[in-house]
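Student: I would like to go through a protein model that is new to me. Could we look at it together?

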Amino acid sequence: MAEKQEEPSNAQNGEPDNAEEGEGKKKKVKREDLPPFEIVTGERLPAIFFKFQFRNVEYSSGRNKTFLCYVVETQGKESAPCRGYLEDEHAAAHAEMAFLDTVLPRCEAGGRCTVTWYVSSSPCVSCAQRIADTLRGNRALRLTIMVGRLFMWDEPEVQAALRSMKEAGCKLRIMKPQDFEYVWQNFVEQEEGEEVKSFVPWEDIQENFQYYEEKLAEILH
């Protein structure tokens, strides 16, 4: 069954459902009080966000945002790769679009550009079409997308959009347990004052990887 979207709870933002409890008893923020839209950027995302948003579950209850970690390597540049993460807020636009509009132009320098994304879920139809168009228009760009989950994979238009990305040259892969560990080590911040913690795989991480890998293979072949 395709990844299912449900009404988000506090956990949508990486917060436990009892977020009101604890030091200071934080006041809940009503959804209508949220700003209309923003793209959150940074080098490392909070661990609680990663543990909830990147988990490769079949039913994505509350997971209606996209977290995109990226590494950009430009041929001929001696400096370190450009890296960071994007998080879309309140569904007015998507992290994939924000990367193509704001990050990629800053990293390109006329040479061959190799980009790797680690994304909580695969792109929607509009983002997939934009990605395919970008790749067709820039033959010097190489894009690999590692996804934790497949978004609405049983919808025909979504399947067609994913195939279009592949035809345009995008390498689309399901994240293996080792890929989640890589994101944990390179894109997740630890709590202030705490020692670096090792990545602890969740119980069904391998099983869910195999499930999504089989579905993706069926779609792309």
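This is a predicted model: local features need pLDDT of at least 70, side-chain atom pairs count only at pLDDT 80 or more; totals for chains, interfaces and linings use all residues.

Student: How many helices and strands does the protein have?

Tutor: Its secondary structure comes to six helices and ten strands. The protein has 221 residues, and buried residues make up 43% of them.

Student: What share of the contacts join residues at least 24 apart?

Tutor: Counting contacts between residues at least 6 apart in sequence, 78% join residues at least 24 apart.

Student: Which strands pair with it, then?

Tutor: One partner is strand β7 (residues 113-121), which pairs with β8 in the parallel sense over eight bridges. In that pairing, Trp117 stands opposite Ile145 of β8. Strand β9 (residues 171-174) also runs parallel to β8, and four bridges join the two. There, Thr144 has Lys171 in β9 as its bridge partner.

Student: And which helices belong to the β-α-β units here?

Tutor: Helix α3 (residues 125-137) makes a right-handed β-α-β unit with β7 and β8. Helix α4 (residues 156-167) makes a right-handed unit with β8 and β9.

Student: New topic: the nonpolar core. Which residues touch the most other members?

Tutor: The largest nonpolar core has 38 residues, and Phe99, Val115, Trp117 and Ile145 touch the most other members. Two or more residues each are given to this core by β5, α2, β7, α3, β8, α4, β9 and α6. Helix α2 provides the largest share, seven residues. As general background, nonpolar side chains in soluble globular proteins tend to be buried together.

Student: What is Val115 in contact with?

Tutor: Setting aside neighbours within four places in sequence, Val115 is in contact with Val71, Val72, Phe99, Leu104, Leu141, Arg142, Leu143 and Thr144.

Student: What does the second core include?

Tutor: The second core is separate and has 20 residues, including Phe67, Cys69, Tyr118 and Phe180.

Student: Now some single residues. Where is Ser122, and is it buried or exposed?

Tutor: Ser122 sits in the loop between β7 and α3. Its relative accessible area is 3%, below the 20% limit, so Ser122 is buried.

Student: What does its side chain reach?

Tutor: The side chain of Ser122 reaches the backbone nitrogen of Phe151 at 2.8 Å. Beyond its neighbours within four places in sequence, Ser122 is in contact with Val147, Arg149, Leu150 and Phe151.

Student: What about Met152: where does it lie?

Tutor: Met152 lies in the loop between β8 and α4. Although Met152 is not a glycine, it has a positive phi of about 45°. With 24% relative accessibility, Met152 counts as partly exposed.

Student: And Leu216, which helix is that in?

Tutor: Leu216 is found in helix α6, and at 5% relative accessibility it counts as buried. Not counting residues up to four places away in sequence, Leu216 touches Leu150, Leu172, Arg173 and Ile174. Leu216 and Arg149 are 67 residues apart in sequence, with their C-alpha atoms 9.9 Å apart in space.

Student: Last topic: how many aromatic pairs are there?

Tutor: A search of the whole structure finds 14 aromatic pairs. In one of these, the rings of Phe50 and Trp202 have their centres 6.5 Å apart and their planes at 55°, so the pair is tilted. This pair links distant parts of the chain, 152 residues apart: Phe50 is in helix α1 (residues 47-53), and Trp202 is in the loop between β10 (188-189) and α6 (205-220). Both Phe50 and Trp202 are buried.

Student: How are Tyr70 and Phe99 arranged?

Tutor: Tyr70 and Phe99 form an edge-to-face pair, 5.2 Å centre to centre with 65° between the planes. Tyr70 lies in strand β5 (residues 67-74) and Phe99 in helix α2 (residues 95-107), so the pair ties together parts 29 residues apart in sequence. Tyr70 and Phe99 are both buried.

Student: Which residues form one aromatic cluster?

Tutor: The cluster is formed by Phe50, Phe54, Phe180, Trp184, Phe199 and Trp202. Phe180 is also included in the second core.

Terms used: Residues are numbered from 1 along each chain as its sequence is written. Side-chain values use heavy atoms; hydrogens and water are left out. Rings of Phe, Tyr and Trp (its six-membered ring) pair if their centres lie within 6.5 Å; planes under 30 degrees apart count as stacked, over 60 as edge-to-face and the rest as tilted. Buried means under 20% relative accessible area, exposed over 50%, partly exposed in between (1.4 Å probe, protein chains only). Contact means heavy atoms within 4.5 Å. Two strands pair if DSSP finds at least two bridges between them. A crossover is right-handed if, with the strands pointing away from the viewer, the path from the first strand over the helix to the second runs clockwise. A polar contact is a pair of N or O atoms within 3.5 Å; within protein, one must be able to donate a hydrogen and the other to accept it, and residues adjacent in sequence count only if both atoms are side-chain atoms. A nonpolar core is a set of buried Ala, Val, Leu, Ile, Met, Phe, Trp, Tyr and Cys residues joined through side-chain atoms within 4.5 Å.
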